[in-house]
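Good morning, colleagues. Please look at the sequence and the model as they come up on the screen.

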Amino acid sequence: MAGSDVWSRLRNLDAYPKTLEDFRVKTFSGAVISIISILVIAVLFTSELILSTEVEPELFVDTSRNEKLRINLDIEFPKMSCEILHLDVMDVSGENELDVDHDIFKQRLSESGEPIYDDPQEVEQLGDQTLGLADKLKSDLNPHRCETCYGAETSDMKCCNTCEDVREAYRRKGWALTSFEGIVQCDREGWAEKLKAQSKEGCRIFGHLEVNKVAGNFHIAPGKSFQQSSIHFHNLNSFGRDAVGKFNLSHTIHHLSFGTDYPDRVNPLDKYTEIITEAGTAMFQYFVKVVPTRYRTANGVEINSNQYSVTMHKRQLSSNAGEAGLPGLSIVFRCISHLYTIDTRHMKLLPMCEYAQLLLCDTNEPNKDVLV
């Protein structure tokens, strides 16, 4: 009797009393709700277990050698014509590429920013054939002719049959082509009229570059580029004496990245805009530190890419003030000597098990003598 009283008193302490079976009512709607609840719980548990990841960053010394660096770019100049913008690449190893056009495309833009298409292709390559009368005149010319380069002939370029050939011959010689007047090839192709017609257009330059993985820069500037005595020049004489003040280098960097894209990468210069509101033009310089990055997915797939940080400098130029400087946009990049790794892993089901196992291992170790 005493035992039964103890058990009855213990049952009175139950904070969750159960309803008697006779008073329980099981319905079809209750069963549906129960099944849906179980499925929702299962989906949430599975997604948390499979989709959730943890990131473990590490830093190592970058031991890679003789690698190439891919630069992806998409930059818009709403006030600069594609005819006068040129892209050059230079690095500290002495390798220079002038007027780069492979894997780089130029899209003409109207004053309102809409693309201009002259033909089925979406991009325009500078110096290509002009339309209308110029095409007819060129079709009547002797295909085996050899026209003069106006004193700029070289051993590997003895003939200049187009205006672009003349410009290239002058560039190779390191000479400045101050005017298109009197150049038969340019007059025949209507080069001066073409420049005037496109003077109010904009330009969007996009594509990618493959450069050496060393310090260097690429810049977009008006005027044909050339080198003389290891000095880099851009020919602005053909635009007049006050040419520096004519160029509005306002721009929008839609995209700039280094290497292959990977999840959650942040590119600081994406959708960055600079507008010139003052008189004159400007020289924009972006100093970029490229961080080699290796991203490893939870499935073990490795992506070798890069991140970067940037510092921007703007210098106002005015032809009246006699200031020196090249109007344009310059990206000066330098790779650091460290490799940043990002290792993503699936969340563990019971992370506390590891801590419990460590505790058990510590208690099983033999006692160590302590010297006092």
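In which sense do S3 and strand S7 pair, and over how many bridges? S3 and S7 (residues 216-222) pair in the antiparallel sense, over seven bridges; two strands count as paired if DSSP finds at least two bridges between them. Helices (H or I, at least four residues) and strands (E, at least two) are DSSP runs, numbered from the N terminus.

A word on the basis: this is a predicted model, in which local features need pLDDT of at least 70, side-chain atom pairs count only at pLDDT 80 or more, and totals for chains, interfaces and linings use all residues. Residues are numbered from 1 along each chain as its sequence is written, and side-chain values use heavy atoms, with hydrogens and water left out.

Let us stay with S3. Asp-91 stands opposite Gly-216 in S7. S3 also pairs with strand S4 (residues 96-97), again in the antiparallel sense, over two bridges, and Val-89 has Glu-97 as its bridge partner in S4. S3 and S4 form a hairpin with four residues between them, and Gly-94 in the turn has a positive phi of about 95 degrees.

Why is S3 described as largely enclosed by the rest of the structure? The reason is that seven of the seven residues of S3 (residues 85-91) are buried, where buried means under 20% relative accessible area, exposed over 50%, and partly exposed in between (1.4 Å probe, protein chains only). Leu-85, Leu-87, Val-89 and Asp-91 point one way, and His-86, Asp-88 and Met-90 the other.

Finally, Val-40 lies in helix H2 (residues 28-50) and counts as partly exposed because its relative accessibility is 44%.
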